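Dear colleague,

I am passing on the structure we spoke about, and I would be glad if you could look through it beside the notes below. Please open the sequence and the structure together before reading on.

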Amino acid sequence: MFQLAFTACSFPAIVSYALAANEDLRVYTDELNKFEISIPQDWQLGAGEPNGFKSITAFYPQEASSSSVSVVITGLGPDFTRMESFGKVEAFADTLVSGLDRSWRRPPGVAAKLIDWFYYIEYTLQNPGESRKHLFSAIGMASNGWYNRLYTVTGQFVEEESEKYGSNIEKVTFTSRIILLSTSYRTMK
């Protein structure tokens, strides 16, 4: 039991340390919202005005691009105490992505395809005549001491930028998945 508790508490620190050692990434810390995320060294920061129940922080390359990573934090109602409050993971992922799909319309709209899930969702979107966009979303819960909050980290890039940004964006969101899931485990169990 002690080993399980130690692993759950120390794993985010180990992952964070390993990522900080990567020369391509730097660790951004948000003291107010109590999260850390590793992002590419030269990326810019953009933040929306928080409204009490929702905040957004985005990271993007210096040059013009369709690539970005965002962290959206949303306050949850008291009945959302665990990730399972959203339903079974496969149904949650399927509902999220199928709700975006409009390929069945005439003329066809955006095509959404679910690729992978475990509160870490990989999917693509493509409007007719436009480039395919690759998206990775990691979802987790934590408490700020007053109420539970849903953290959604989403990284995106268009197919043409996959060689330039794809690997780092996938790494950032996948690592966020590990940190968010272990944080959810510590605060929700």
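What follows describes the fold, the confidence, the cores and the aromatic pairs, in that order.

Please keep in mind throughout that this is a predicted model. The protein has 189 residues, of which 41% count as buried, and its accessible surface comes to about 11000 Å², with 56% of that belonging to carbon and sulfur atoms. It contains three helices and nine strands, and along the sequence these follow the pattern α-β-β-β-β-β-α-β-β-β-β-α. Among the contacts with a separation of 6 or more, 47% are accounted for by residues 24 or more positions apart.

As to confidence, the mean pLDDT is 77, and 77% of the residues reach 70 or more. Confidence is highest in strand S4 (residues 54-60), at a mean of 91, and lowest in helix H1 (residues 2-20), at 37. The pLDDT is below 50 over residues 1-21, although the model does give this stretch 20 contacts beyond near neighbours in sequence. At the other end, residues 185-189 also stay under 50, and for them the model has 16 contacts beyond four places in sequence.

Strand S1 (residues 25-30) pairs with strand S2 (residues 35-40) in the antiparallel sense over six bridges, and Thr29 has Glu36 in S2 as its bridge partner. Four residues lie between the two strands of this hairpin, and Lys34 in the turn has a positive phi of about 60°.

Turning to the interior, nonpolar side chains tend to be buried together in soluble globular proteins. The largest nonpolar core here has 20 residues, and those with the most contacts inside it are Phe35, Ile37, Phe59, Val69, Val71 and Ile169. Two or more residues of this core come from each of S1, S2, strand S5 (68-75), strand S8 (133-143), strand S9 (148-158) and helix H3 (162-188).

The aromatic residues come last. A pair of aromatic rings is described by the distance of the centres and the angle of the planes. With ring centres within 6.5 Å as the criterion, the count comes to seven aromatic pairs. The rings of Trp43 and Tyr165 have centres 5.8 Å apart and planes at 70°, so this pair is edge-to-face. Trp43 sits in the loop between S2 and strand S3 (44-47) and Tyr165 in helix H3, so that the pair links distant parts of the chain, 122 residues apart; both Trp43 and Tyr165 are buried. For Tyr120 and Phe136 the ring centres are 6.4 Å apart and the planes are at 25°, so this pair is stacked. Tyr120 lies in strand S7 (residues 120-126) and Phe136 in strand S8, so the pair ties together parts that are 16 residues apart in sequence, and Tyr120 and Phe136 are buried as well. Finally, ring pairs link Tyr28, Phe35, Phe59 and Tyr151 into a cluster.

With best wishes

Terms used
Residues numbered from 1 in each chain as written. Predicted model: local features only at pLDDT ≥ 70, side-chain atom pairs only at ≥ 80, totals over all residues. Heavy atoms only, no water. Pairing = 2+ DSSP bridges. Buried < 20%, exposed > 50% of the residue type's maximum accessible area, 1.4 Å probe, protein only. Contact = heavy atoms within 4.5 Å. Areas by Shrake-Rupley, 256 points an atom, 1.4 Å probe, with all protein chains shown as cover. Core = buried A, V, L, I, M, F, W, Y, C linked by side-chain atoms within 4.5 Å. pLDDT = per-residue confidence, 0-100. Phe/Tyr/Trp six-rings, centres within 6.5 Å; stacked < 30°, edge-to-face > 60°.
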